[in-house]
Amino acid sequence: MVKEMDLNKIKNIGIIGAGVMGPGIAEVLAIFGSSFDFNINLFDISSEAIQNAQKRMEVDFAKVESVGIFSSEDLQIARERIHFISDLKDLKDSHLIIEVIPEKIDLKQNFFKKIEDIVPSTAILATNSSGLSITEITKVTRYPERCIGTHFMNPPLLMPLVEVVMGAKTSDETVSLMTDLLTNVNKRPVLVKKDIPGYVHNRLQAAIFRELMYLVDNEVMDVDDLETTVRYGLGLRLPVMKVFEMVDMMGLDTINNVLSYLYPALDRSTKPPEFLKDMIHKGTLGVKSGIGFHDYSSKDMTESMKEKEAATFQLLMMMQQYD
Ligand SMILES: NC(=O)c1ccc[n+]([C@@H]2O[C@H](COP(=O)([O-])OP(=O)(O)OC[C@H]3O[C@@H](n4cnc5c(N)ncnc54)[C@H](O)[C@@H]3O)[C@@H](O)[C@H]2O)c1
């Protein structure tokens with residue numbers, strides 16, 4: 001089983017789902033895994049998704065070239081490592097499968113069941129789920145020890161963090177292989193040792209969202225001032241300082257005093273606020289409808305995201321000096 005695998009034996013990788021995330025994950029493996037010379041097969045049930053992914057890849061590869069780290073020759077070779085396939089059976093010699101289909105448990109379970117009959121019994125089976133139980137998704141398989149979560153962030157090419165999530169039966173060999181592979185393609189894998197909803201990153205994000213929604217709902221602060229509070233307070237500290245380092249700086253006795261009176265005052269809602277539902281009913285959905293908590297109606301959001309990605313890359317370069 002998985003024990004027989006080692007990183008150098010991983011050559012053929014299948015990526016299932018060519019929507020928002022799948023093509024980016026393929027690009028990461030193709031570009032940063034050059035020394036492994038992976039053969040990456042990208043599959044989707046929708047031919048439209050495949051066409052869009054092909055177009056998007058041209059844009060992404062041009063973007064990477066413009067940064068100047070990789071030569072156009074190396075990027076051309078990387079691009080040729082990615083193949084679009086339309087038959088799952090073409091994955092029969094895969095050493096690793098990464099499932100990147102929609103966040104629906106039954107869809108994912110059906111896929112895991114099906115793929116097990118196609119790939120060798122030694123292949124690793126990963127899911128890019130954002131928070132569903134790995135144990136639940138993979139309980140349909142015969143060999144759940146080779147199943148694992150690899151939660152890439154969006155966009156995969158830019159964001160270093162990948163949560164490696166253990167299901168109840170995931171083996172240590174599977175964890176160590178995936179962690180090695182991700183480290184070798186320039187990612188920052190972190191191990192989620194317990195299969196809890198939302199894993200860790202999305203739980204932290206949801207905790208901040210819950211308190212922000214509470215503060216809006218209770219008219220404690222306007223949205224613009226909340227943005228300023230997060231960006232110019234906590235947000236400005238985090239790129240250069242670790243959170244537990246901040247706690248250490250404050251002093252554990254001081255933080256204990258603060259948390260003793262603050263914890264009971266924090267929001268403990270178990271469902272999203274009513275005002276969010278009202279906004280949704282009014283068609284205020286955020287960027288996709290032109291208005292959400294902010295107004296995007298006169299902004300070119302594609303251009304804006306491009307600028308923000310470039311700025312995030314600069315920030316990342318700076319931030320790594322403070323690891
Ligand atoms: N979008 C994000 O920001 C983000 C971030 C992190 C993790 N994720 C997770 O990644 C996964 C995919 O998300 P996404 O945003 O790329 O979804 P998406 O809807 O953009 O793309 C999913 C693709 O899967 C295809 N598909 C559906 N069923 C299939 C099947 N049975 N076999 C093959 N292809 C199939 C669809 O045609 C579609 O192209 C989800 O689990 C999601 O939670 C998404």
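The structure is a predicted model, in which local features need pLDDT of at least 70 and side-chain atom pairs count only at pLDDT 80 or more, while totals for chains, interfaces and linings use all residues. Residues are numbered from 1 along each chain as its sequence is written.

The protein has twelve helices and eight strands; these are DSSP runs numbered from the N terminus, with helices (H or I) of at least four residues and strands (E) of at least two. Along the principal axes, the C-alpha atoms fill a box of roughly 60 × 45 × 45 Å. The radius of gyration is 21 Å, which agrees with the value near 20 Å that a compact globule of 323 residues would have; the radius is taken over C-alpha atoms, and the globule rule is 2.2 Å times the number of residues to the power 0.38.

Of the 323 residues, 26% count as buried. A residue is buried if 20 or more other C-beta atoms lie within 10 Å of its own, exposed if 12 or fewer, and partly exposed in between, with C-beta atoms placed from the backbone. In soluble globular proteins, nonpolar side chains tend to be buried together. Here the largest nonpolar core has 51 residues, and those with the most contacts inside it are Ile 15, Ile 25, Leu 29, Ile 40, Ile 97 and Ile 148. Such a core is a set of buried Ala, Val, Leu, Ile, Met, Phe, Trp, Tyr and Cys residues joined through C-beta atoms within 7 Å. Helix H1 (residues 22-32) gives the largest share of this core, six residues. Beyond its neighbours within four places in sequence, Ile 25 is in contact with Ile 15, Ile 98, Val 100, Asn 128, Phe 152 and Pro 156.

The ligand is surrounded by 25 residues, the closest being Gly 17, Gly 19, Val 20, Ala 49 and Asn 154; a residue counts as near if its C-beta atom, placed from the backbone, lies within 6 Å. Helix H4 (105-116) and strand E6 (147-152) are the elements that give two or more residues to this shell. By class, the shell has 14 nonpolar, nine polar and two charged residues. Here Ala, Val, Leu, Ile, Met, Phe, Trp, Tyr, Cys and Pro count as nonpolar, Asp, Glu, Lys and Arg as charged, and the others, Gly among them, as polar.

A cis peptide bond joins Asn 154 and Pro 155, with omega about -5°, and Pro 155 lies in the loop between E6 and E7. Strand E7 (residues 161-165) holds Val 162, which counts as buried because it has 26 C-beta neighbours inside 10 Å.

Most residues other than glycine have a negative phi, and most peptide bonds are trans. Asp 37, in the loop between H1 and strand E2 (39-43), has a positive phi of about 50°; with 11 C-beta neighbours inside 10 Å, Asp 37 counts as exposed. Asn 186, in the loop between helix H6 (172-184) and strand E8 (188-192), has a positive phi near 70°, and its 12 C-beta neighbours inside 10 Å make Asn 186 exposed.

Note on methods. Contact = placed C-beta atoms within 7 Å.
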